[in-house]
Amino acid sequence: MEYFVLSNGLKIPKVGMGTNTFGKAGNDFHGEINMDTKELLWAYENGYRLVDTAIAYRNEAVIGKSIKESGLNREEIFVTSKIPMRDENVGTDLLIEKSIQTSIEKVGDYIDLYLIHHPSENEKNLQVWQHLERSYEKGLFKAIGVSNFNEEQLTYLIENAKIKPMVNQIESNPAKFNHELIKFCLKNQILPEAWGPLDPVPNKEVLEKIGLKYGKSWAQVLLRYQIERGVLVIPKSHNKERQKQNLEIFDFALDEADIEEIEG
């Protein structure tokens, strides 16, 4: 595994595992939680050390269970979770604190990276962010950030918060690479992280052609493109072999012509 370094010096894996359908009946986002950790244990076996969950996914406890079952130390797994901007979670200061504490209890001991899942109005974002700052200062989180924030929303936090967001998790795939937002994040020492990096992909033929040069799949080419430009990726797979393939991207590098084709 290779790592990015956050603005506070914390190392974070360049590739993680999305888990929004893990531990659920039928691998369905809305499915009943069945606490099945099989695919997570495959991921750890394959070499994944970053898992991405959220309160809205309802499976934080599944992540906590999988770490205990893995035989790995808690410190070996980098866990990201997120607080939703729903009234039941952030309607009052007390509810914000309760949501944070419940997340930590379900995952176990602490959470490596905690994000605001979706933006609300700027003042509300700042209110919730200040709770994340305090939890970070207490050592309950090792890093804090946001998800799905645009430039204006990020700028408001940068200008008004005590601690600048360390990560912005956003959609980034060939249908919506989000180039300008990624440039803004990198300029401000905010690590961009791509959810849904492999879907949708309207330029799959281009990626397949590039992959032939390196003996790689279209998905491996796309993931490599993202990490080369400084974007963390969290592909998701319930297939053990595909999980493994999504990590086999550190043994080749794209050239300028490849990048022009991908971006074109």
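Me: Where is Gln189 placed?
Reply: Gln189 sits in the loop between α7 (179–187) and β9. Helices (H or I, at least four residues) and strands (E, at least two) are DSSP runs, numbered from the N terminus. Note that this is a predicted model: local features need pLDDT of at least 70, side-chain atom pairs count only at pLDDT 80 or more, and totals for chains, interfaces and linings use all residues. Residues are numbered from 1 along each chain as its sequence is written, and side-chain values use heavy atoms, with hydrogens and water left out.

Me: What's the phi of Gln189?
Reply: Near 55°, a positive value in a residue other than glycine. Gln189 is partly exposed, with a relative accessible area of 48%. Buried means under 20% relative accessible area, exposed over 50%, partly exposed in between (1.4 Å probe, protein chains only).

Me: And Asp109, buried or exposed?
Reply: Asp109 is exposed, at a relative accessible area of 65%. Its phi is near 75°, again positive in a residue other than glycine. Asp109 lies in the loop between α4 and β6.

Me: What about Asp112, buried or exposed?
Reply: Asp112 is buried, with a relative accessible area of 3%. It belongs to strand β6 (residues 111–116).

Me: Which backbone nitrogen does the side chain of Asp112 reach?
Reply: That of Val79, at 2.8 Å. A polar contact is a pair of N or O atoms within 3.5 Å; within protein, one must be able to donate a hydrogen and the other to accept it, and residues adjacent in sequence count only if both atoms are side-chain atoms.

Me: Which residues touch Asp112, not counting those up to four places away in sequence?
Reply: Among them are Leu10, Arg74, Phe78 and Lys142. Contact means heavy atoms within 4.5 Å.

Me: New topic. Which residues of helix α2 are buried?
Reply: In α2 (residues 60–70), Glu60, Val62, Ile63, Gly64, Ser66 and Ile67 are buried. The buried residues of α2 pack against α1 (38–46), β4 (50–52), β5 (78–83) and α4 (93–107). Just after α2, Gly71 has a positive phi of about 85°.

Me: Which peptide bond is cis?
Reply: The one from Asp199 to Pro200, with omega near 0°. Pro200 is in the loop between β9 (191–195) and α8 (204–214).
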